[in-house]
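Open the model in your viewer and keep the sequence panel beside it. The stops below can be selected one after another.

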Amino acid sequence: MLVEHFSAYTQWRAEIAAGIGELRTWLQRNEVGDAQSDLRLQYLLDRLREDKLVVAFVAEFSRGKSELINAVFFAGYGNRILPSSAGRTTMCPTELQWQAGDVPQIRLLPIESRRTDASISDLKRQSAEWQIRPLDTSSAENLQQALAQVGETRMASADEARALSFPIDETGEKGLRPNAEGQVEIPRWRHAVIQFQHPLLEQGLVILDTPGLNAIGAEPELTLNLLPNAHAVLFILAADTGVTQSDLGVWRDHVNAGRRQRGRLVALNKIDGLWDGLRSEEAIEREIQHQVSSVAQTLEIDPGMVFPVSAQKGLVAKVNSDPDLLARSRILELEHALSTELVPTKQDIVRDNTSGEVHDIVGRSLDLLNARLSGLREQLHELTDLRGKNQNVIEYMMRKVRSEKDEFEQGLQKYYAVRSVFSNMSNNLFAHLGLDALRDETRRTREAMLDAAFSRGLRDAMRGFFNHLRGNLQKSTDEITEIAKMLDAMYKRFTIEHGLKLASPSTFSTARYEKEIDRLEEAFNKQLNSALIIMTTEKHVLTQKFFETVAVQARRTFEIANRDVEQWLRAVMAPLETQVREYQLQLKRRLESVKRIHQATDTLEDRVCELQQAEEVLVRQVEQLEAIGQRIYTTLDVQPSQDAAPASDAIAA
């Protein structure tokens with residue numbers, strides 16, 4: 001069931017990529033596109049090729065999380081693949097993924113890397129920091145042995161554990177409990193990436209297996225990046241315990257932060273514990289429904305988002321091909337829900353990211369073809385009117401075209417002036433979004449946090465940091481507004497004075513980046529509020545690490561903003577540049593045609609014939625481009641843009 005849903009999504013994505021590839025090739029072959037459009041289409045193709053669907057599995061220990069992953073994804077191997085036993089088996093966040101060109105291997109990041117300020121994202125680009133272990137996929141047993149390495153632990157002193165951001169608690173309730181020698185057990189690895197050739201992973205699925213609350217809290221990147229950006233999160237509870245305080249903490253602080261509902265599912269595992277042979281099926285069902293209702297009420301979600309299952313029985317049923325046991329395990333209902341939550345959510349993201357770009361590029365290309373068609377028909381009309389006319393009329397026509405050319409070139413001086421102002425305003429905009437200023441502010445905040453001994457000092461430092469980021473985004477918004485106003489005025493001037501077909505330039509909003517900064521601030525404040533008024537060394541270190549991850553996420557947000565703004569600036573100027581270039585070319589061609597006819601009247605009919613043939617070619621190109629665009633829109637299940645002129649308008653004489 002899950003494989004079918006993912007296969008359908010993969011096929012849909014491939015059809016979109018094929019349509020975009022066809023559009024790109026057609027624009028190049030017909031000399032309709034430009035370098036900017038080609039780059040944008042290539043970026044879309046790269047994004048589709050690298051598209052991932054991330055499913056995160058989150059639970060406290062002993063909830064059967066690894067067994068559930070085995071049952072849902074790896075039962076086809078006829079055995080358990082991920083280690084699954086009583087107690088803690090997942091000691092570090094683990095990503096299972098595969099992409100073309102990978103080799104089967106396990107990449108392990110030593111826990112000692114926590115001593116640095118580097119985030120996992122940064123360390124992923126530093127291969128020397130990781131230990132690489134080969135992965136033998138020839139048998140389930142070899143896979144089991146290899147993957148067991150992810151759960152390796154070692155003993156450490158309490159001081160070392162604190163330095164590595166592990167909470168220590170003598171009672172064992174709120175942290176790791178030291179043994180008689182003052183030692184605690186800690187994971188050997190901070191993060192693991194398993195490159196594993198599996199049918200679903202080959203299609204872009206990424207499985208994120210996370211440890212419990214203590215490990216999540218000690219790894220800020222899980223809180224700030226990996227979990228919030230997962231397309232679906234499956235939160236696993238145990239039917240025999242329900243929602244414990246620890247479970248509730250994970251749910252509120254990490255899984256459902258911001259009260260996001262879509263893509264957040266709950267699995268109530270181990271319902272087979274109710275199959276004691278004494279209760280009737282009706283009694284078991286009443287107990288399960290009572291547990292579902294209780295969980296939904298506690299987590300404040302719809303009961304339909306809670307799925308009672310038996311991962312262990314589901315795995316056994318799949319391995320032994322036992323349909324009755326499979327049905328009783330209810331694992332298929334969960335798989336169906338996971339598919340219907342994950343795939344549509346990801347489709348919406350791909351659809352939104354792709355449709356706007358395609359609309360704009362197809363619309364601009366149609367505008368260009370329509371401009372060419374309009375100019376050609378104007379030439380055709382002028383030359384047709386010259387039939388049977390004397391030289392005086394032809395000379396008058398030549399003077400008229402020259403006059404229009406001179407008038408347009410005078411207008412170009414204003415265009416060049418606007419280009420100069422546009423360049424200056426663009427530089428100002430990038431100065432507000434610049435990464436140099438962000439690095440300076442990050443360094444200042446880091447120093448202020450190191451000097452702060454109380455939570456108030458930390459809070460003030462971070463408040464200043466986030467206010468600085470928001471201030472830069474607001475300045476960027478003001479600059480964007482001015483750029484849009486200036487270009488809108490220029491577009492209208494050229495439309496009125498020279499008949500260019502220019503719609504108002506598209507707008508751009510920084511709201512998504514502001515929202516991300518707000519999310520980071522909320523997450524940091526939550527982290528800070530969990531600390532004491534007088535910070536302990538351990539909590540001060542963790543808070544500092546949390547800030548470093550916040551800084552990385554903020555930098556990434558501004559990098560994306562820079563990229564998006566640069567694309568917008570190019571896209572918003574391109575229609576005017578293209579229309580100006582086309583209009584200049586048309587005027588040149590008109591003047592050359594009249595000159596040729598002035599010099600040799602017998603060329604008039606030949607030139608009229610040439611233009612009529614060129615008109616037929618342009619009409620066909622408009623029809624072909626609209627057909628390509630419509631095929632992409634149909635695949636995306638969106639309506640074509642209303643901004644582009646319809647073919648009937650372009651073809652009408």
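In which loop is Gln149 found? Select the stretch between α5 (140-147) and β5 (153-157): Gln149 is in that loop. This is a predicted model, so treat each stop as part of a prediction. Gln149 has 14% relative accessibility and therefore counts as buried, the cut-off being under 20%. Show its side chain, which reaches the backbone oxygen of Ala146 at 2.8 Å. Beyond four places in sequence, the residues in contact with Gln149 are Ile106, Arg133 and Trp189.

Next, colour by confidence. The protein chain has an average pLDDT of 82, and 88% of the residues score at least 70. Then select residues 642-653, where pLDDT stays under 50. For this stretch the model has 20 contacts beyond four places in sequence.

Now select helix α2, residues 35-49. With 15 residues at 1.5 Å a residue, α2 should span 21 Å; a distance drawn between its end C-alpha atoms gives 21 Å, which agrees. Show the side chains of its buried residues: Gln36, Ser37, Arg40, Leu41, Leu44, Leu45 and Leu48.

Move to the largest nonpolar core, which has 118 residues. Leu68 and Phe73 have the most contacts inside this core. Helix α14 (residues 331-385) gives the most to the core, with 17 residues. Centre on Phe73 and display what it touches beyond four places in sequence: Leu2, Phe57, His198, Leu200, Leu205, Ile207 and Leu338. Another core, of 49 residues, lies apart from the largest one; among its members are Leu224, Tyr491, Ala554 and Val572.

Go on to helix α11 (residues 281-299) and pick Ile288 within it. Is Ile288 buried or exposed? Its relative accessibility is 3%, so Ile288 counts as buried. Leaving out neighbours within four places in sequence, Ile288 is in contact with Ile271, Leu274, Pro308 and Arg330. Draw a distance from the C-alpha atom of Ile288 to that of Val309: the two are 21 residues apart along the chain and separated by 9.7 Å.

Finish with the cysteines. How many disulfides does a search of the whole structure find? The search finds zero. Two cysteines to select are Cys92, which is buried with a relative accessible area of 1%, and Cys609, which is partly exposed at 36%.

Note on methods
Residues are numbered from 1 along each chain as its sequence is written. This is a predicted model: local features need pLDDT of at least 70, side-chain atom pairs count only at pLDDT 80 or more; totals for chains, interfaces and linings use all residues. Side-chain values use heavy atoms; hydrogens and water are left out. Helices (H or I, at least four residues) and strands (E, at least two) are DSSP runs, numbered from the N terminus. The expected span of a helix is 1.5 Å times one less than its number of residues. Buried means under 20% relative accessible area, exposed over 50%, partly exposed in between (1.4 Å probe, protein chains only). Contact means heavy atoms within 4.5 Å. pLDDT is the predictor's confidence in each residue, from 0 to 100. A polar contact is a pair of N or O atoms within 3.5 Å; within protein, one must be able to donate a hydrogen and the other to accept it, and residues adjacent in sequence count only if both atoms are side-chain atoms. A disulfide is a pair of cysteine sulfur atoms within 2.5 Å. A nonpolar core is a set of buried Ala, Val, Leu, Ile, Met, Phe, Trp, Tyr and Cys residues joined through side-chain atoms within 4.5 Å.
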